[in-house]
Amino acid sequence: MDRHFLEFWGNFMLNASRSQKQLEELTEWVHKGFTGFEELNSLFRKIYGLEETSTGSADAVNAWKKAQEDFMKNMKDYLNLLGVVPLEEHIALVRKYEDLKEKVASQEETIRHLKMLLSESHGANTAAVTQHFDELIRKQSDQFQNLMDGFNRLFQKEQPSPESKLD
């Protein structure tokens, strides 16, 4: 940070400790574009070396704008060090948070719906698979039974009758 900002801020903080009103004035002064409070304007001009410039010249206007920009940049840097988030940034983050919350809720609903569809289709597939499996088992049982019947008939023909063994 530059020495002008620190000197200005140091003097302002000393004066602000005397009165809360000055802090309110600073806020209003900045929001009004560095106008409206002659005491602050005088302090600002003095600290930023703007007292000697003629107020109507192009150089004076440019120097004033440059000093304002420097002040605002340093003010943001200082507040950042304190952990203060600018209101616009905070509001933008809140909006983003709300949008993301809606998006998550929508995606969770979609996931629930897809899981339900998957469950239904999986249930239908399970029933079909079970039916095919039962049918396969029945066919294999029938084929096995036919095979056993065939062996039975074959062995019955090959075995000699009990009467032929007695002869």
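## Nonpolar patch

Phe144, Leu147, Met148, Phe151, Leu154 and Phe155 form a nonpolar surface patch of about 580 Å². Phenylalanine 144 sits in helix H5, which covers residues 87–158. The model is predicted.

## Overall fold

The protein chain has 6 helices and 0 strands. Read from the N terminus, its elements run α-α-α-α-α-α. The chain has 167 residues, and 15% of them count as buried.

The accessible surface of the protein chain comes to about 13,500 Å². Carbon and sulfur atoms hold 57% of that surface. Among contacts with a separation of 6 or more, 50% join residues 24 or more positions apart.

## Helix H4 and its cover

Helix H4 spans residues 58–81, 24 residues in all. From first C-alpha to last it reaches 34 Å, close to the 34 Å expected at 1.5 Å a residue. Glycine 83 follows H4, with a positive phi near 85°.

The buried residues of H4 are Ala60, Ala67, Gln68, Phe71, Asn74, Met75 and Tyr78. Their cover includes helix H1 (3–16), helix H2 (20–31) and helix H3 (38–47).

## A buried glutamate

Glutamate 25 lies in helix H2. Its relative accessibility is 19%, so glutamate 25 counts as buried, the cut-off being under 20%. Leaving aside residues up to four places away in sequence, glutamate 25 touches Phe37 and Leu40.

## Salt bridges

The structure holds 9 salt bridges. One of them joins the side chains of arginine 3 and glutamate 7, at 3.8 Å from N to O. These two residues are 4 apart in helix H1, so about one helical turn separates arginine 3 from glutamate 7. In an α-helix, residues three or four places apart point the same way, because there are 3.6 residues a turn. Arginine 3 counts as exposed at 57% relative accessibility. Glutamate 7 counts as partly exposed at 39%.

Lysine 32 and glutamate 28 also meet through their side chains, at 2.9 Å from N to O. Lysine 32 is partly exposed, with a relative accessible area of 48%. Glutamate 28 counts as partly exposed too, at 35% relative accessibility. Another salt bridge links the side chains of arginine 45 and glutamate 38, at 3.3 Å from N to O. Here arginine 45 counts as partly exposed at 24% relative accessibility, whereas glutamate 38 is exposed, with a relative accessible area of 52%.

Notes
Residues numbered from 1 in each chain as written. Predicted model: local features only at pLDDT ≥ 70, side-chain atom pairs only at ≥ 80, totals over all residues. Heavy atoms only, no water. Expected span 1.5 Å × (residues − 1). Buried < 20%, exposed > 50% of the residue type's maximum accessible area, 1.4 Å probe, protein only. Contact = heavy atoms within 4.5 Å. Patch = residues over 30% accessible without salt bridge, like charges linked within 9 Å, V, L, I, M, F, W, Y side chains within 5 Å. Areas by Shrake-Rupley, 256 points an atom, 1.4 Å probe, with all protein chains shown as cover. Salt bridge = Lys/Arg side-chain N within 4 Å of Asp/Glu carboxyl O.
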